[in-house]
Every structure is written in C-alpha cells, then in structure tokens.
Amino acid sequence: MSQLFYLKECSSTNDEISKFLLYESSDFISLYTFNQTKGRGQYGNTWSSTAEKNLAFTLAVKTKHFTISDFMFNYYTAIVISDFLANLTENIVKIKWPNDIILKNKKIVGILIEKKKINQNNYFIIGAGFNVLQEKFDEISNAGSLLTQTGKYFNLEEFTLNLNNFLIEKLKNIPSEHEIMSLFNANLFRKDEISVFELNGKRQNGIIRHADEKGELWIELEESLKSFYHKEIKLLY
C-alpha cells in the first residue's frame, strides 16, 4: 500500500514527511510540493528552487524491507531516477557520483537520502529535487532543468504521479548488489574520460574508473589509481 501527500508550500519535504509517518502504516509514503523554501542537499548543502517550476519530492520506506547496504540503496535510487528521466526524455541520463543526476552536462536532480527512526520504525527517507520548468540558473552554473535541456514542457502533477509510481514499483524488486554496481558504473558520469578535478585546493587531470560497494570513487590520477569518499575530491565540469 502507498500514499501520496501534497503540501502547497513547505521548508523541506524530507523534514515534513515525519509528520505523515506518525499515523500511517503504509509501506510507501510520499510527500511533494512545488514550493520548497529551505531544501537541503548532501552534506549540509542547500538546494534552491523556484516556486511552481520545480518538484521537491520525498518517499519514505521502511528499512526492514531491504537487505542491501546503505550505499547500495543510495546507488539503486540514483539508478531508478536516472532510468525514469531517460525514459521520459528519450535522452541519455548520467549519474554524477555519488547521486546527482546529469542531463546533457547539467545537473537536473539532487538526491538526499537519510535514515530516520520515527514512531518505532526505521525509514529510508529519499529526498529529491527535480528542476523541471525553471529557465534561469544564475547562481549555479552547472545546473539545468528538463526544460532547458530538452526544450519540453512537463506537467508537474503528471510528472510527480508517474515518478512516484515508477519509484515504488522499482523499489519492490531490488536487484542483486552485483547488478546494482554494474548498472551504476554503466551510467557513471564522465567514466573513462579525462576530466579535471580539484584536490587539496589544486587542479589536476584524472580519469574516473569506477565506484565501489563501499561508496568510494576510484580515479586514475597522474601518479596512481586512488579511491576517494564524497567531498574529498571535486569533479569540475
């Protein structure tokens, strides 16, 4: 059983969804708004969004339904969202490690997954901000939207319903961890391409080789192949 709730405005759907979990026993509970005022990104970053142009979406699922690791759950969520957008736009969609979604070299989705204990149940709180109809991105040069990248206008309500249904169906049938890693690496942004990275305040060239099951990214730098956790190195694109 699943339920989908709407708020005309809220600070953060990841924060607000806890109120909807106190009285609900559904396996999948979703919350969305088209006007999120204080969106949060990975590791304390903010996610700004223009009202009535974009979607802030959160899906809460009980952790007991999943046997895969937290890293694998994060990877699989990114795979599912990228698949949904690839099917919708008929474009190649990539995953920028660990879980940003890239369309034609621009970030169109940011994902934040948290684990919370609410009302004696442990949940994965899957939060995602989708840039759908926004046309200008003054502050963030590497951000875009479905509209800027495809020229297509999407109905926000219809987009949300289809996304919710797609996510839930995919989360009911989780593949093996080996398959998840294969899919993630097959869709990894700038894999096996020479890229510029910022490491310890300096820029250098490197080649992304693969992500691993521990959540690390392996990059071939000028001196050797090294692994990094998120925020230890920055991909410039």
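Me: Which residues in H5 do Met72, Tyr75, Tyr76, Ala78 and Ile79 in H2 meet?

Reply: The model is a predicted one. Contact here means heavy atoms within 4.5 Å. On the H2 side the residues are Met72, Tyr75, Tyr76, Ala78 and Ile79. Their partners in H5 are Glu177, Ile180, Met181, Leu183 and Phe184.

Me: How many nonpolar, polar and charged residues does the contact of H2 with H5 have?

Reply: Glu177 is one of the H5 residues in this contact, and Glu counts as charged. Sorted by class, the contact of H2 with H5 has 9 nonpolar, no polar and 1 charged residues.

Me: In which hand does H2 pass H5, left or right?

Reply: Two packed helices are described by the angle between their axes and the distance between the axes. The crossing of H2 past H5 is left-handed.

Me: In what order do the 7 strands of the open sheet lie?

Reply: The sheet has mixed pairing. Its edge strands, each pairing on one side only, are S1 (2–6) and S6 (93–96). Neighbouring strands are turned by 20 degrees against each other on average, direction ignored. The order is S1-S2-S5-S9-S8-S7-S6.

Me: Which strands does helix H2 touch when H2 packs on the sheet?

Reply: H2 covers residues 70–89, and its direction makes about 140 degrees with that of S8. The strands touched by H2 are S5, S6, S7 (100–103), S8 (106–118) and S9.

Me: Which residue in S9 stands opposite Lys62?

Reply: S5 (residues 55–62) pairs with S9 (residues 121–130) in the antiparallel sense, over 8 bridges. Lys62 falls within the range of S5. The residue opposite Lys62 is Tyr123.

Me: Is the peptide bond from Trp97 to Pro98 cis or trans?

Reply: Pro98 belongs to the loop between S6 and S7. Most peptide bonds are trans. The bond from Trp97 to Pro98 has omega near 5 degrees and is cis.

Me: What is phi of Lys104?

Reply: Lys104 sits in the loop between S7 and S8. Most residues other than glycine have a negative phi. Lys104 is a residue other than glycine with a positive value, near 50 degrees.

Me: Is Asp192 buried, partly exposed or exposed?

Reply: Asp192 lies in the loop between H5 (177–186) and S10 (194–199), with a positive phi near 60 degrees. Buried means under 20% relative accessible area, and exposed means over 50%. The value for Asp192 is 43%, so Asp192 is partly exposed.

Me: Is Asn54 buried or exposed?

Reply: Asn54 is placed in the loop between S4 (46–47) and S5. Its C-alpha atom and that of Asn155, 101 residues apart along the chain, are separated by 10 Å. The cut-off for buried is under 20% relative accessible area. Asn54 has 1%, so Asn54 is buried.

Me: How many residues lie between S12 and S13 in their hairpin?

Reply: S12 (residues 217–221) and S13 (residues 225–228) run antiparallel and are joined by 4 bridges. Across this pairing, Trp218 stands opposite Ser227. The number of residues between the two strands of the hairpin is 3.

Note on methods. Residues are numbered from 1 along each chain as its sequence is written. This is a predicted model: local features need pLDDT of at least 70, side-chain atom pairs count only at pLDDT 80 or more; totals for chains, interfaces and linings use all residues. Side-chain values use heavy atoms; hydrogens and water are left out. Two strands pair if DSSP finds at least two bridges between them. Axes are lines fitted to C-alpha atoms, for helices over the stretch in contact, and angles run from 0 to 180 degrees between N-to-C directions. Buried means under 20% relative accessible area, exposed over 50%, partly exposed in between (1.4 Å probe, protein chains only). A crossing is left-handed if the near helix is turned anticlockwise from the far one by less than a right angle, and right-handed if clockwise.
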